[in-house]
Amino acid sequence: MKVVLPVLGLLAIIGAWWLATIVFGIEPFLVPSPADVVAEFLEVPGYLLEQSLITLWEAVSGFGLSIVIGVPLALLIVGSTVLERMFYPLLVALNAVPKVAIAPIVVVWFGFGISSKVLMVVLVCIFPIVISTASGMKSTPGELVELFRSLDASRHHEFFKLRLRHAVPQIFVGLKVSITLAVIGAVIGEFVGSSAGLGYVISLSGGSANTSLAFAAMALLAIMSVALFYGLSYAERKLVPWSEEHRVV
């Protein structure tokens, strides 16, 4: 049922979309039918898959870099009240700034290559990772902490063997939020300045009114996001079997 119900939901949406284009006589250049989108994909499958791989690499690279930066930063924040008061407001402020507004500046600083796209992904992803990691570290039950201390456990052991282990399920919550945002960040970067990627394809097709190509690119982005999300959920089930969070996905 976990597979059947989502498939049925997708088929229902596609059927309603197809029916709407027929009943209301919508022109293909405004809203193409599912058949038009499939036909467009079949015309240039190699090109679209090549652009998909570019966007996927940008998203995964930026996501990985966000973990490398975000998790240690959260551990430092949790371990020091001074650092928490110093960096938390800055992180909130950075997250509040629309990434579309930052993107042109990032392109000016880092150029039109992959670096600017990866940085955009990091800017989009890092906040949920830091917040979920810090929240998980702080949510360790007090009785467990007292038990650890009664056994003369060092602060180092308490921090890494108790608090971090207890925080792992919460960390995965942030990672699953960030993995879908990673694709969005990559596309934002491609919109502003790029010559490749699905975001570039959508921007280019919009300028030429080729909405079928734009819809095909958006469908690939959706498939990519779903695959990344459930791939991460599968990794969570294998790496964190004690977590109950994976039961809802």
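Me: What makes residues 212–232 count as helix in this predicted model?
Reply: Over residues 212–232 the chain is 100% helix and 0% strand.

Me: Which record names residues 212–232 as a "transmembrane region"?
Reply: UniProt does, in an unreviewed entry that also lists residues 54–78, 90–112, 118–137 and 171–192.

Me: What pattern does the chain follow along the sequence?
Reply: It reads α-α-α-α-α-α-α-α-α-α, with ten helices and zero strands.

Me: Why is helix 2 called roughly perpendicular to helix 3?
Reply: The axes of helix 2 (residues 34–43) and helix 3 (residues 45–79) cross at roughly 90° and come within 5 Å. Angles of 65 to 115 degrees count as roughly perpendicular, so helix 2 gets that label relative to helix 3.

Me: Which residues make that contact?
Reply: Helix 2 brings F41, L42 and E43, while helix 3 brings P45, L48 and L49.

Me: How much of the chain counts as buried?
Reply: Of its 249 residues, 39% do, and the cut-off for buried is under 20% relative accessible area. The accessible surface of the chain is about 13,600 Å², with 73% belonging to carbon and sulfur atoms.

Conventions
Residues are numbered from 1 along each chain as its sequence is written. This is a predicted model: local features need pLDDT of at least 70, side-chain atom pairs count only at pLDDT 80 or more; totals for chains, interfaces and linings use all residues. Side-chain values use heavy atoms; hydrogens and water are left out. Axes are lines fitted to C-alpha atoms, for helices over the stretch in contact, and angles run from 0 to 180 degrees between N-to-C directions. Helices (H or I, at least four residues) and strands (E, at least two) are DSSP runs, numbered from the N terminus. Angles under 35 degrees count as roughly parallel, over 145 as roughly antiparallel, 65 to 115 as roughly perpendicular and the rest as oblique. Contact means heavy atoms within 4.5 Å. Buried means under 20% relative accessible area, exposed over 50%, partly exposed in between (1.4 Å probe, protein chains only). Accessible areas come from the Shrake-Rupley method with a 1.4 Å probe; for residues, only the protein chains shown count as cover. UniProt positions are given in the numbering used here, feature names are shortened, and annotations may be inferred rather than shown by experiment.
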